[in-house]
Amino acid sequence: MKAKLEKHVNQNLSFLNGKKLLIAISGGIDSIVLTHLFYKLNFTISLAHCNFSLRGKESNKDEIFVKELGEKLQVPTFTIQFETKKYATENGISTQMAARDLRYNWFDKIRLENNIDYIITAHQKDDVIETFIINLTRGTGLDGLTGIPEVNETIVRPMLPFDRNDILIYATKNKLQWREDQSNSSIKYVRNKIRHKIVPVLKELNPNLLDSFQNTIDNLKGSQQIVKDSVENMLQKVSTIKGNEVYFDILALKKLNNPKVYLYQFLNEYGFSEWNDVCNLLDAQSGKFVLSKTHRLLKNRDTLILTNLSNIEESEVFEIKENTTKIKHPIKLKFEKIDIPFDAKNHQNKVFNELIFDDNSAISIDYDKITFPLTIRKWQKGDYFYPIGLQGKKKISKFFKDEKMSLSEKENTWLLCSKNDIVWVIGKRLDDRFKVSKYSSKILKIRRN
């Protein structure tokens, strides 16, 4: 097994050679064999063990066992205790999912703090078929049926060529000690029920199940690549990128043979799960949207707009001090102060005539009518201003509606303010109260980059 693993690493995972590796070790047979093999192959390793506090004294004994192994091998060993059930309750997720989140977040923290290159886990062939069946029963696409990836960014799973029996034979032959997790025999967990009730029956029907299953996985991966190429080609035809958002053409989507399937392929990586709701947006009223944990898909007339929720900034106020010449955040603006001598009437008129023809990307305002610091913020309920070219005041919400702006456009619009007054709906309209007149002696010209 040692020679087979060494050959597999050299042929397929050669990037691990000479790197610092963090082995995720539970104390169970799989991770013990993984540790033993990588130690014998002279890799530079550290050990990381999570005590999830789920089995009382047994969990603590696992932690002690791993610490003693680290001392015996004389390798750095990291341990941590988690309040897993509390974390699961607070985040509304299962205990298994909580343990996964806590584990991988902590592993990555160790990796970054200790200049470690890769995290190594002990997943093997049997884990792959169990994961396949779990995903199959829950409903999934090709991604959920192509097994556990051998390499996922900084996480590497070099034991996938081996099955549980290979590992048991190696551990027995080398007289290795490991910890038995009694909860692994309980069928109250979905994975254990599949492991003890379903997989044995499948192996009985086909003694070569794992090898046959690997062939199936390889075929699915080939099909998956074909699908990805086709989807990428179609995505370019039905969508455009504008800033940090993706716009999908609804008419183009409806012309596809199966819009729901394409929407799944386009949007699956963004965490959406309610696919009927996503598909229903095609015929929904403008303004309807569907949320994932990280993104929003908004119907706006004849488009669907995909926005990262982190880009929908909260109400924050940014100050602009006097004599500022440019800013880069939250929006790029340049400022230029222009003095107009009162005794240069012809020059004044020329400057004035130039300034009154500003477009929406640049404005000129009477310097004496503003108070520093100016501020930039998002619009709030009840905001109003006096749009230049119109009589009287208008609520910002009504202005947005008249301009037929989408929810996304409203959220990405900034207001330039002087004290509590709106000077400019940036990129849209200047406030009449701050416009330049023939009596202006000093002007502030503001231009969007």
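Two strands pair if DSSP finds at least two bridges between them. Strands themselves are DSSP runs (E, at least two residues), numbered from the N terminus. Strands of a sheet pair through backbone hydrogen bonds, either parallel or antiparallel.

This is a predicted model, in which local features need pLDDT of at least 70, side-chain atom pairs count only at pLDDT 80 or more, and totals for chains, interfaces and linings use all residues. Residues are numbered from 1 along each chain as its sequence is written, and side-chain values use heavy atoms, without hydrogens or water.

**Around β20**

Start with strand β20, residues 421-425. Strand β19 runs antiparallel to β20. Ser418 faces Asp421 of β20. On to β21: β20 pairs with this strand in the antiparallel sense. Here Trp424 has Leu430 as its bridge partner.

The β19 and β20 turn has two residues between the strands, and Lys419 takes a positive phi near 55°. The β20 and β21 turn has three, and Gly427 has a positive phi of about 85°.

| β19 and β20 | β19: 414-418 | four |

**The open sheet**

Five strands form an open sheet in the order β7-β8-β11-β10-β9, with antiparallel pairing. Its edge strands are β7 (239-242) and β9 (289-291), and each pairs on one side only. Ser239 stands opposite Phe248 in β8.

Technical notes. Buried < 20%, exposed > 50% of the residue type's maximum accessible area, 1.4 Å probe, protein only.
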